[in-house]
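User: Hi! I'm new to this one and would like a friendly walk through it. Can you show it to me?

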Amino acid sequence: MMYKPFITLICLLFPVLLHAQTVVSGKVTDARKRPLAGVNISLVGSYDGATTAKDGTFTFTTSEKGERLITASLTGYGSIEVKADLSSSAPLLLILKETVNELKMVTISAGSFEASDEKKNTVLKPLDIVTTAGANADIVSALKTLPGAQQVGEKEGLFVRGGTGYETQTFIDGMLVRNPFSSGMPDFAARGRFSPFLFKGTTFSSGGYSAQYGQGLSSALVLESVDLPERSSYTLGIGSVGPAIGVDKLSKDKKKGYGLELDYANLWPYFKLMKQKQDPVVSPEFVNSSANYRLKTSRNGMLKIFVMGSWGRFGFRGESLEYPGKDEEFRLTNQYLYTNVSWKESLGKGWKIQLGTSYSTNRDRISMDTIGVQLSPTRIRSRQDLSQFRAVLSKNLGKFSVLRLGSEYQYGTENSKFNEFQAEYVDSYTASFAEADIYFTPRFVGRLGTRYEYSSLLRSPNIAPRASIAYKLDAKSQVALAYGEFYQKPEQQYLRFDHNLGYMRATHYIASYQHISQFRVFRTEFFYKQYHDLIKTVPSFNNKGTGYAKGAELFWRDKKLIKNADYWISYSWLDTKRDHLNYPYEVQPDFAAEHTATLVYKHYIPAWQLNLGGTYTFATGRPYFNPNRPEREFMTDRTRNLNTLSINVNYLTTVGKAFTVFVFTMTNVLGNEQQYGFRYSTDKLRSRVVEPMAPRFFYVGMFMSFGMDRRQEMIDRQ
């Protein structure tokens with residue numbers, strides 16, 4: 001046969017060919033010496049290589065000789081390249097180190113809920129915060145559906161874990177916001193001043209927050225403003241309380257943009273339709289406007305300028321508690337201006353800088369009078385101004401670890417006039433901080449920091465150490481611990497009259513566990529907080545108040561169980577007592593409920609282009625002071641339990657060339673009675689329940705957007 005010579009030749013050469021092949025073998029493990037399967041092994045400059053087995057071993061043959069480069073790579077691990085002597089028969093031992101990426105890396109989570117479009121591991125997104133029924137586009141109202149927050153409807157502020165509303169501070173692009181809530185009337189909570197659409201990220205820290213921020217005894221609400229818009233667009237809104245217009249312009253080179261918003265609200269028509277429990281003598285009227293400018297100064301640099309102004313007035317008349325048969329009248333006019341300028345840039349070699357400055361002023365004119373009684377009306381004029389500057393340097397330590405160094409200065413003034421009596425003060429506040437996020441491994445991170453503060457008014461410095469650690473149990477779960485010392489100046493209403501007060505202080509301890517997958521989130525947290533040096537007003541102003549707060553919280557969110565539905569459940573158990581203000585001893589304060597639970601549900605019906613939503617909230621009764629009881633029974637009375645259901649319905653369509661959404665929302669649909677507390681006359685003979693102005697509030701509106709489909713955003717603005 002003609003093939004016989006070839007077969008004979010191959011048989012003769014086979015031993016030679018076999019001898020020319022070199023066997024390369026070895027094993028691949030991680031840093032903990034655990035075998036890694038599926039690792040790609042290749043010989044640089046050839047097609048020779050293999051893939052590791054379950055036990056991490058590999059074997060392949062090659063005709064190459066001498067020293068050669070061998071590479072090993074596996075998704076989630078850093079690739080390595082080693083020199084190997086192919087003439088040696090010794091097996092290779094290769095070690096891959098796990099890489100840190102946004103989906104796998106552990107993050108600091110104790111005490112913090114973060115909402116950001118940029119971070120994959122967040123519990124909520126910005127749209128989640130503002131699509132919640134009953135929130136009415138108020139950031140704080142939406143955050144009350146999260147564990148840790150209390151359902152307080154008669155006072156402004158975000159009450160967190162046994163702390164007052166004053167003990168939660170708001171920050172925009174790192175800078176403190178004074179007067180973040182609209183001015184309101186006694187026993188009625190005011191809304192937040194800022195639209196949620198001004199911000200791309202929201203961090204609600206219910207405790208143990210970063211050393212970058214200070215002067216919040218209980219909590220920090222950290223807001224990060226938006227960058228450049230995606231494209232130019234225009235919006236128009238017409239609703240039951242007034243119109244709104246907006247413009248977002250993006251330059252052709254996409255390096256700069258500006259935005260303008262103007263909202264006008266007048267509740268006179270609404271109050272004519274819906275009877276209020278107090279008669280409006282000046283129907284609530286508000287004008288809010290904002291403007292922003294964004295400039296991309298470099299590949300990583302951004303300049304942001306933001307200005308927001310508002311004007312409002314209202315007045316109500318109701319039955320006098322002190323003088324039966326007479327009426328009491330309350331009138332208020334408010335003017336507010338807030339400016340914020342920030343700039344961030346990369347300095348090279350891992351260094352970054354962020355500079356910011358801000359100025360705000362708030363002016364209130366208040367008149368209180370008892371009609372038909374020969375008493376002089378009370379007239380209050382107040383003005384608060386705050387100027388500040390902030391600088392932060394950060395340095396990357398490796399790929400993800402980072403060091404932050406910062407300093408800030410605030411100059412604040414307070415001027416108040418009560419009829420002929422005047423109270424004022426000036427405070428220069430300086431602070432500096434150092435903080436490092438250190439990734440010991442991709443699964444283990446620590447945050448260590450300290451903050452130094454000095455107030456010229458209090459004439460006292462403080463040093464606040466803080467520390468957090470987190471460990472990732474697997475790809476979806478992690479545990480975290482946090483500790484911190486937090487200081488805060490007393491409220492302005494006490495500093496006006498006594499300049500010799502000192503800092504209040506709280507010590508936080510937090511432990512948390514969270515599991516986050518693509519469609520589900522589970523989170524539980526335990527905390528203990530000790531209060532020191534709280535303000536007492538009896539027998540005189542002093543810092544002898546004490547208190548504590550401890551509790552447990554649960555959060556569950558699911559997007560998979562029900563098709564086209566998204567819901568979350570939060571629960572908080574709170575055990576807290578404090579001795580402050582005029583309290584005779586430590587008791588549960590009047591703003592704290594022992595049990596609070598919320599269910600938020602959202603459902604989309606594609607065939608009808610409908611978004612449906614509902615929020616149900618429950619809270620056990622809160623203590624209130626009954627002066628007819630003896631001192632040993634101080635704060636032993638309770639309001640009735642809070643039960644409230646709010647809904648929203650949104651229909652998406654197109655009118656001409658405009659993307660349009662029709663909106664309907666209603667709070668407390670079932671009209672359940674809500675008791676926030678009771679007020680008593682001086683002679684203790686008469687009392688009045690503290691409750692909302694009306695059992696329900698509803699809103700109907702239509703929003704149109706031109707240039708891009710912003711219907712979902714318009715839904716969120718309701």
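User: Which strand does V307 lie in?

Analyst: V307 lies in strand β17. Keep in mind that this is a predicted model.

User: Is V307 buried, partly exposed or exposed, and why?

Analyst: V307 counts as partly exposed, because its relative accessibility is 35% and that class runs between 20% and 50%.

User: What kind of surface patch is V307 in, and which residues make it?

Analyst: A nonpolar one of about 510 Å². Along with V307, the patch is made by Y258, L260, Y293, I305, L337 and V341.

User: Which elements give two or more residues to that patch?

Analyst: Those are β15 (256-266), β17 (302-319) and β18 (327-348).

User: New topic: salt bridges. How many are found in the whole structure?

Analyst: The search finds 34 salt bridges. In one of them, D558 pairs with R520, and their closest N and O atoms are 2.4 Å apart.

User: Where do D558 and R520 lie?

Analyst: D558 is in strand β28 (residues 542-558) and R520 is in strand β27 (residues 520-536), so this pair ties together parts that are 38 residues apart in sequence.

User: Are those two buried or partly exposed?

Analyst: D558 is buried, with a relative accessible area of 1%, whereas R520 is partly exposed at 29%.

User: What does R523 do with E525?

Analyst: Their side chains meet in a salt bridge of 3.3 Å, N to O. R523 is buried, with a relative accessible area of 3%, and E525 counts as buried at 2%.

User: Which residues are joined into one network with them?

Analyst: Salt bridges with shared partners link R523 and E525 with R161 and E553 in one network.

User: And what about E453 and R451, buried or exposed?

Analyst: Both E453 and R451 are buried. Their side chains also meet in a salt bridge, at 2.9 Å from N to O.

User: Let's switch to sheets. In what order do the strands of the open sheet with β2 come?

Analyst: The order is β3-β2-β5-β6, 4 strands with antiparallel pairing. The edge strands, β3 (49-51) and β6 (80-85), each pair on one side only. On average, neighbouring strands of this sheet are turned by 20° against each other, direction ignored.

User: How many bridges join β2 to β5?

Analyst: There are 4 bridges between β2 (residues 40-43) and β5 (residues 67-73), and the two strands run antiparallel.

User: Which residue in β5 does S42 stand opposite?

Analyst: S42 stands opposite T71.

Notes: Residues are numbered from 1 along each chain as its sequence is written. This is a predicted model: local features need pLDDT of at least 70, side-chain atom pairs count only at pLDDT 80 or more; totals for chains, interfaces and linings use all residues. Side-chain values use heavy atoms; hydrogens and water are left out. Two strands pair if DSSP finds at least two bridges between them. Axes are lines fitted to C-alpha atoms, for helices over the stretch in contact, and angles run from 0 to 180 degrees between N-to-C directions. Patches are made of residues with over 30% relative accessible area and no salt bridge: like charges are joined within 9 Å, nonpolar side chains (Val, Leu, Ile, Met, Phe, Trp, Tyr) within 5 Å. Accessible areas come from the Shrake-Rupley method with a 1.4 Å probe; for residues, only the protein chains shown count as cover. A salt bridge is a side-chain nitrogen of Lys or Arg within 4 Å of a carboxyl oxygen of Asp or Glu. Buried means under 20% relative accessible area, exposed over 50%, partly exposed in between (1.4 Å probe, protein chains only).
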